[in-house]
2 protein chains.
Amino acid sequence: MADNNIVCSVEIIDREKVDRVNAALPQMKETSETANLFKALADPTRLRIVQALLLEELCVCDISAVVDVSVSAISHQLRLLRNMKIVKNRKEGKMVYYSLDDDHVRGIIETAQIHLDET
Amino acid sequence: MADNNIVCSVEIIDREKVDRVNAALPQMKETSETANLFKALADPTRLRIVQALLLEELCVCDISAVVDVSVSAISHQLRLLRNMKIVKNRKEGKMVYYSLDDDHVRGIIETAQIHLDET
DNA sequence: CTTACATTTGAATACTTGCTCAAATATAAT
DNA sequence: ATTATATTTGAGCAAGTATTCAAATGTAAG
């Protein structure tokens, strides 16, 4: 991004506007975190898992059946969702039950759905 | 997903629950589309572009300055956002001004922000 | 017509990511 | 203890992606 960008920085069209927008934008760190949250929901397998857990608590094997993806792949994705604090788990004997850890996720998904319906 | 999954399909823990969830889940096609929308917002550069356009209409060069990424890279990402109907553009002489094409995006991003603040 | 500038585009590259496979844990049942 | 079942984990591979670079458009100005 270096050179090409410096050229453009010199050639800003409307400096006032750029400064104004820059001042109003959130911190870059905040933007990255938001992007990461979207990234967690940006994969069909993961989104499907979350949509299922939106309805009911499920064990890994049943999630695999619902989403129709191998248990191993599901487990990998569940770890990612766990790290993102989107899902939590509960052990019961040999089995591990997963459920949503956060209820805002529902709102985010529903808003996205509305967007698509109206477009 | 084939073999490993078939094994697990045979070994469903709670068939009733799996059927119930399956019936309530949206169509797979719908899930994919929603995932794609999230994917568009899942990259820091693209999210930053959208956050900037949430505030004001901007030309490509000024977007490049605000986001601090080369004009070329910005242009590539703008095309993607255009294809997703998230942004639209308007020509004025040599310059091209971009703005948001959809207002639901604001809601989606704000909801995500709230999620992160409260976690 | 030539030059300058804003933007777009295609190819190449480096990086990321989702899945599979095999092996490791962990817990319950025989 | 041994076996069976549920889940996790790490390595490796194939596919996807964000950026760069060079070149192509398109438009305005000299």
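The following questions and answers go through the predicted model of two chains, from the fold of one chain to the contact between both.

User: On what basis are residues and chains labelled, and what pLDDT do local features need?
Analyst: Residues are numbered from 1 along each chain as its sequence is written, while chains are lettered from A and ligands numbered from 1 in the order in which they are written. Because this is a predicted model, totals for chains, interfaces and linings use all residues, side-chain atom pairs count only at pLDDT 80 or more, and local features need pLDDT of at least 70.

User: In what order do the elements of chain A run from the N terminus on?
Analyst: Helices (H or I, at least four residues) and strands (E, at least two) are DSSP runs, numbered from the N terminus. Chain A has 7 helices and 3 strands, and from the N terminus on these elements run α-α-α-α-β-α-α-β-β-α.

User: What radius of gyration does chain A have?
Analyst: The C-alpha trace of chain A spans about 65 × 35 × 20 Å along its principal axes. The radius of gyration is taken over C-alpha atoms, and the globule rule is 2.2 Å times the number of residues to the power 0.38. A compact globule of 119 residues would have a value near 14 Å, whereas chain A has 20 Å.

User: Which strands of chain A stand at the edges of the sheet?
Analyst: Two strands pair if DSSP finds at least two bridges between them, and in chain A an open sheet of 3 strands with antiparallel pairing has the order 1-3-2. Each edge strand has a single partner strand, so one side of each is left without a neighbour in the sheet; these are strand 1 (58–59) and strand 2 (87–92) of chain A.

User: What rotation superposes chain B on chain A, and what relation is that?
Analyst: Two copies of a chain are related by a rotation about an axis and a shift along it. Copies are superposed by least squares on the C-alpha atoms of residues with pLDDT of at least 70 in both; here a rotation of 180° with 0.0 Å of shift along its axis superposes chain B on chain A, with RMSD 0.0 Å. That is the relation of a two-fold axis.

User: Which helix of chain B gives the largest share of the side that touches chain A?
Analyst: Two residues are in contact if their C-beta atoms, placed from the backbone, lie within 7 Å, and the contact takes 63 residues from chain B and 63 residues from chain A. On the side of chain B that touches chain A, the largest share is 11 residues, and these come from helix 7 of chain B.

User: How are helix 3 of chain A and helix 7 of chain B oriented to each other?
Analyst: Axes are lines fitted to C-alpha atoms, for helices over the stretch in contact, and angles run from 0 to 180 degrees between N-to-C directions. The axes of helix 3 (residues 28–41) of chain A and helix 7 of chain B come within 10 Å and cross at roughly 105°. Angles under 35 degrees count as roughly parallel, over 145 as roughly antiparallel, 65 to 115 as roughly perpendicular and the rest as oblique, and helix 3 of chain A and helix 7 of chain B are therefore roughly perpendicular.
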